[in-house]
Amino acid sequence: MFYKINHLLEHGVGIIIVTDGRAPHLKALTIARRLGVEIDRNSKVIQRRRFMKIMRECETLAQSLGITVLKGAFEAEAAAAKLQQDGIVDGVITTDGDAFLYGARQVYRNLLVTERTCEKYAMSRVESELGLSRDDLVGMAVLNGCDFNPDGVTGLGRGTVLNYILSRDRSRTVTEELISWNDQMQEISEKYKRLEEIKRKPHCGTCKHIGSKKEHTVSGCICCGTTSHCNASSDAHCTCTKHVAQRLLSSPHMQCCVKFVKQGNSAQIPVREIVEEFSNNKSNAPVLPKWDLPSCIHFLSFMQDKLQWRQAVSAEKFCQVAALHFISRNLVFSKPYSVVDNQVLKFHHVLKRRKKEGVELLELEFGVLDERLKGL
């Protein structure tokens, strides 16, 4: 984590770390599975003590480096997306795709420090090139699975769900349609049963339309548009009630609807709660955060306690971060004797300019004011 923070600061990236708050009750099943515990959907969220302990240690390290740490009300991605919506940050670095569902517009994934690469995903491209809105993504999360409905809807693949979303009637949103399915399960089940029970009447072996071959030879076929005989065809254009019902049942819309209702009848899908979780971001509007100054004493103590770093090594690493703080805020030039950590380090002057792997760098000199650090 230290090297990743240092790498981002070297490239002029301002950092705000957002941590998880209280896990939503909808996430209970997902958390339990990760911990290898068997529970049902209505159980309370299991306390993630080890995870929270590690997260607090990460917060301590970040704060010792002067990085602002915000605690989300619930999911960290929700709070990070809110920061971007409010114009405080330009993007969200996360491996969790839920960030888009919470409203993030730019997401960076797979940040590799040593290779200096990352993957950038833009919601604007998702909208323009794939034709998918944020609401569409929320609908896909409900049907294909997410942290709040980990199994998704049984029997629905991503291709079927995507075809349904792209080909459906746009008079209402996907989430509105899912909620209506959830509210009308009985009616949809009865409609499906009626369509399934439609009997197939005799069809011509030549054109595959309703009626016998003998009838078509004498009187023609309405579907073929003939008055005598008929044309070789398939049942794709047959207008009989059975074939119309079969085409309706095989459509992506009906497949999603029927399988959603079938699963909902046996294991209720909390579709309203999931839609509300993603669509109504409950994270409070964060106050524009101010960066703190790095704390050398806290950093040295933490690295020695947790990673057994020698203080000389820790002091050297800390000075790199402290210098980056000065440069990023122009303190080197506007306040030549700005102090870090309450009289621990003092900036002296710029020794020289360097270039490392094509990157312009400054070599700075700091003085140690704290007696405990002298000689490191």
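This report walks through the fold, the cores, the helix packing and a few backbone details of the structure above.

## What you're looking at

This is a predicted model, so local features are given only where pLDDT is at least 70 and side-chain atom pairs only at pLDDT 80 or more, while totals for chains, interfaces and linings use all residues. Residues are numbered from 1 along each chain as its sequence is written, and side-chain values use heavy atoms, with hydrogens and water left out.

The protein has 17 helices and eight strands. Of its 376 residues, 42% count as buried. Here buried means under 20% relative accessible area, exposed means over 50%, and partly exposed is in between, using a 1.4 Å probe and protein chains only. Take the contacts between residues at least 6 apart in sequence: 58% of them join residues at least 24 apart. A contact means heavy atoms within 4.5 Å.

## The cores

In soluble globular proteins, nonpolar side chains tend to be buried together. A nonpolar core here is a set of buried Ala, Val, Leu, Ile, Met, Phe, Trp, Tyr and Cys residues joined through side-chain atoms within 4.5 Å. The largest one has 46 residues, and the members that touch the most others are L137, L143, W181, F260 and F278. A second, separate core has 22 residues, including I5, L61, I67 and V321.

What does F260 contact, once neighbours within four places in sequence are set aside? The list is V142, L143, V153, L178, W181, N182, M185, I269 and V271.

## How the helices pack

Two packed helices are described by the angle between their axes and the distance between the axes. The axes are lines fitted to C-alpha atoms, for helices over the stretch in contact, and the angles run from 0 to 180 degrees between N-to-C directions. Start with helix 9 (residues 174-183) and helix 14 (residues 271-279): their axes come within 9 Å and cross at roughly 160°. Helix 9 and helix 14 are therefore roughly antiparallel to each other; angles over 145 degrees count as that, under 35 as roughly parallel, 65 to 115 as roughly perpendicular and the rest as oblique. Their crossing is left-handed, meaning that the near helix is turned anticlockwise from the far one by less than a right angle, with clockwise making it right-handed. Helix 9 brings T175, L178, I179, N182 and D183 to the contact, and helix 14 brings V271, R272 and V275. By class, that makes four nonpolar, two polar and two charged residues. For this count, Ala, Val, Leu, Ile, Met, Phe, Trp, Tyr, Cys and Pro are nonpolar, Asp, Glu, Lys and Arg are charged, and the others, Gly among them, are polar.

Helix 3 (residues 49-64) packs on helix 15 at about 145°, with the axes 8 Å apart, and this crossing is left-handed. On the helix 3 side, E57, T60, L61 and S64 meet H298, F299, F302, M303 and K306 of helix 15. The residues of that contact divide into four nonpolar, three polar and two charged. Then there's helix 7 (residues 134-144) with helix 8 (residues 158-167), whose axes come within 10 Å and cross at roughly 145°. The crossing of helix 7 and helix 8 is right-handed.

Helix 1 (residues 2-10) has F2, I5, N6, H7, L8 and L9 as its buried residues. Just after helix 1 comes G12, with a positive phi of about 75°. In helix 2 (residues 28-35), the buried residues are A28, L29, T30, I31 and A32. G36 follows helix 2, and its phi is positive too, near 75°.

## Positive phi without glycine

Most residues other than glycine have a negative phi. K208 isn't a glycine, yet its phi is positive, about 70°. K208 sits in the loop between helix 10 (185-196) and helix 11 (213-219), and is partly exposed at 37% relative accessible area.

Q308 also has a positive phi, near 55°. Where is Q308 found? In the loop between helix 15 (296-307) and helix 16 (311-328). With a relative accessible area of 59%, Q308 is exposed.

Key. Helix = DSSP H or I, 4+ residues; strand = E, 2+ residues; numbered from the N terminus.
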